[in-house]
Amino acid sequence: MPTPAERVTDAELEILRVLWASTGPMTAAEIKAALPGHNPDTTKTLLRRLCQKRAVFQQKREVFVYLPLVGPGPLPHPAADRQPVRRQR
């Protein structure tokens, strides 16, 4: 069964890609700036979800900063764990 970090959506994966390309922690504003066209509230919601899934770490400094907790390895699509399981005989 996939771990919560493996169940990221395509939108969450965009956030992770920005964090993976970074050389250090990033603020929500920096992440938003790297994703033109994203609503700031949507970016914050996606970051919150990634923190809940333990894919991203949030640290309080002057402002909150974010670091990825998972690497850029293969992450299955959310529908992958909905596939029927076939029993072997």
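Between which helix and which strand does the loop that holds Arg-54 lie? Arg-54 is placed in the loop that joins helix H3 (40-52) to strand E2 (56-60). The structure is a predicted model in which local features require pLDDT of at least 70 and side-chain atom pairs count only at pLDDT 80 or more, while totals for chains, interfaces and linings use all residues. Residues are numbered from 1 along each chain as its sequence is written, and side-chain values use heavy atoms, with hydrogens and water left out.

The chain contains three helices and three strands, assigned as DSSP runs (helices H or I, at least four residues; strands E, at least two) and numbered from the N terminus. Their order along the sequence is α-β-α-α-β-β.

Of the 89 residues in the chain, 28% are buried (under 20% relative accessible area; exposed is over 50% and partly exposed in between, with a 1.4 Å probe and protein chains only). Arg-54 has a relative accessible area of 64% and is therefore exposed. Its C-alpha atom is separated by 8.3 Å from that of Val-70, 16 residues apart along the chain.

Among contacts (heavy atoms within 4.5 Å) with a separation of 6 or more, 57% are between residues 24 or more positions apart.

The mean pLDDT (the predictor's confidence in each residue, from 0 to 100) is 81, and 74% of the residues reach 70 or more. Residues 76-87 have pLDDT below 50, and this stretch has eight contacts in the model beyond near neighbours in sequence. Where pLDDT is low, predicted coordinates should not be read in detail.
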